[in-house]
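Here are some friendly notes to read beside the structure. Take them in order, and keep the model open as you go.

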Amino acid sequence: MSIENTDTELVGDEVVGNLARAALFAALTGAFAYVSFPNPISPAPVTLQVLGVFLSGIFLGPLWGGVACGLYLLAGALGAPIFAGGAAGMGVLVGPTAGYLLSYPLAAAVIGGIVHGGRTPVEPGTVGLVRLVGGLALGTGVIYTIGVAGMMIVQNLGPVEAFLVGAAVFVPAELLKIAAAVGIVRSDVMTAA
Amino acid sequence: MLSYDPGESIAHRLDPRAKLAVQIGFALAAFAHTSPRGLAIGTVLVGVVLVVAELPPQVAVWEVRYALPFVLAGPLLAAFSPAPPWIVPTEAIAPALASYRVLLVLVVSVAYVRTTPVRDSRAAVQRLLPGRLGRLCGVGVALVFRFLPVVLGDLSRARAAMRARLGSERSLAERMKLVAIAGIRRANGRADRLAVALRARCFAWNPTLPALRFAALDGPALAFACALFVWALL
């Protein structure tokens with residue numbers, strides 16, 4: 001066995017802190033896949049993965065929020081059971097839900113970019129309601145546009161069919177998640193922390 | 001929950017990079033040849049993969065069950081037409097082939113996950129992606145694997161506490177909010193402690209990785225991957 005380097009090149013403090021938070025948020029998004037609530041409007045249960053994407057963008061900003069979602073995808077592709085229903089593996093990233101999953105880093109970056117108004121993170125509790133809801137709505141739009149497009153390609157469906165299979169029953173629950181995300185950002189517990 | 005299963009199969013002894021190449025090659029070939037003939041050949045190849053990985057087919061299918069509703073709903077909806085004659089089976093052929101292709105690709109990736117330990121996957125990522133990007137991804141992936149069970153525990157404790165306090169009587173958005181707040185607060189606390197620990201242990205860009213070495217056994221796997229790449233281009 002050979003020794004690769006004799007000098008040690010330390011990772012900067014800022015990167016260490018951000019990497020730790022990004023990895024924890026990726027694990028949180030993965031763990032959210034196991035938290036399902038009965039959906040009052042449709043038979044498909046609500047899982048909180050998308051909420052994890054929202055929160056990554058809001059709390060980590062566009063760059064590290066995107067990194068968190070990228071780590072989530074990479075860990076899932078390499079075998080962490082963190083995709084919907086405890087699935088894992090590279091095949092999921094070319095499966096029916098591939099478009100949704102692959103859109104997460106972009107959606108987190110878009111949400112982070114709008115909420116923080118650029119690349120420098122600000123305190124999420126101080127962001128205006130319109131900006132917050134607008135960012136989350138646009139992020140949801142990104143996820144569903146790429147998700148439905150992915151389903152059209154992977155499953156060879158027309159746009160209407162893909163929308164019915166992959167979006168129609170899930171969209172109402174997203175509104176609840178936006179409401180929950182706004183509640184989280186504005187709650188006293190989070191702003192005091 | 002799909003995860004690594006220790007064993008002595010040929011696939012367990014292959015280099016993770018060779019197995020990643022086979023998966024990518026298989027996905028490309030399956031997408032390039034979504035015809036009855038192409039998928040028949042693909043089915044035979046999946047059979048070979050299952051034998052090499054010593055993975056029973058029923059286990060593989062059970063592990064991909066999450067995708068079954070989408071895989072079934074696609075062709076069924078495509079066959080339905082809004083006007084008489086209501087059902088047009090020919091419309092469902094292309095989506096059905098596409099769905100079957102997805103199942104084959106998923107089964108191959110199940111074989112990878114069952115036969116590859118996490119640290120080998122991490123080492124493969126770090127070797128395949130260049131420079132600091134690879135190191136960041138390698139460390140990040142390892143941390144996600146490490147913290148997933150911990151964070152899951154946090155969330156289930158939060159839910160148990162919520163149920164004990166009659167939280168199930170609250171609205172859905174309120175319940176999501178409570179669980180997520182508990183999750184974020186614990187995750188932030190853990191991230192802070194982790195960052196301190198990493199700094200204290202001189203977290204470096206150039207750590208020592210487990211040795212990965214291509215062996216004679218990897219030759220056929222790499223040749224198989226190359227053949228799939230070529231077939232995808234034909």
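Predicted model: local features only at pLDDT ≥ 70, side-chain atom pairs only at ≥ 80, totals over all residues.

1. Helices here are DSSP runs of H or I with at least four residues, strands are runs of E with at least two, and both are numbered from the N terminus. Although Asn156(A) is not a glycine, its phi is positive, at about 55°. It counts as buried because it has 21 C-beta neighbours inside 10 Å. (Buried means that 20 or more other C-beta atoms lie within 10 Å of the residue's own, exposed means 12 or fewer, and partly exposed is in between, with C-beta atoms placed from the backbone.)

2. Residues are numbered from 1 along each chain as its sequence is written, and chains are lettered from A and ligands numbered from 1 in the order in which they are written.

3. With 16 C-beta neighbours inside 10 Å, Glu54(B) counts as partly exposed. As background, most residues other than glycine have a negative phi.

4. Now the make-up of chain A. It has seven helices and two strands, in the order α-β-β-α-α-α-α-α-α from the N terminus. Its radius of gyration is 18 Å, close to the 16 Å that the globule rule gives for 193 residues, so chain A is as compact as a globular protein of that length. (The radius is taken over C-alpha atoms, and the rule is 2.2 Å times the number of residues to the power 0.38.) The C-alpha trace spans about 60 × 50 × 25 Å along its principal axes, and 58% of the 193 residues are buried.

5. The UniProt record, in an unreviewed entry, places the feature "transmembrane region" at residues 19-37, 44-65, 100-117, 129-150 and 162-185 of chain A. Those positions follow the numbering used here, feature names are shortened, and annotations may be inferred rather than shown by experiment. In the model, residues 100-117 of chain A are 94% helix and 0% strand, with end C-alpha atoms 25 Å apart. Residues 162-185 of chain A are 83% helix and 0% strand, and their end C-alpha atoms lie 33 Å apart.

6. Chain B has 10 helices and zero strands. Its radius of gyration, 23 Å, is well over the 17 Å that the globule rule gives for 234 residues, so chain B is more spread out than a compact globule. Of those 234 residues, 41% count as buried. The chain is divided into domain 1 (10-116 + 213-233) and domain 2 (130-200), with bounds from an automatic or database domain assignment. The centres of the two domains, taken over C-alpha atoms, are 33 Å apart.

7. Helix H6 (residues 93-115) of chain B deserves a look. 19 of its 23 residues are buried, so H6(B) is largely enclosed by the rest of the structure.

8. How do the chains meet? 69 residues of chain A are in contact with 67 residues of chain B, where contact means C-beta atoms, placed from the backbone, within 7 Å. H1(A) gives the largest share of the side of chain A that touches chain B, 15 residues.

9. Finally, the largest nonpolar core has 134 residues, and those with the most contacts inside it are Ala23(A), Ala68(A), Leu71(A), Ala75(A) and Val144(B). (Such a core is a set of buried Ala, Val, Leu, Ile, Met, Phe, Trp, Tyr and Cys residues joined through C-beta atoms within 7 Å.) Helix H2 (residues 49-77) of chain A provides the largest share of this core, 17 residues. Leaving aside residues up to four places away in sequence, Leu71(A) touches Ala22(A), Ala23(A), Ala26(A), Gly140(B), Val141(B) and Val144(B).

Methods:
Contact = placed C-beta atoms within 7 Å.
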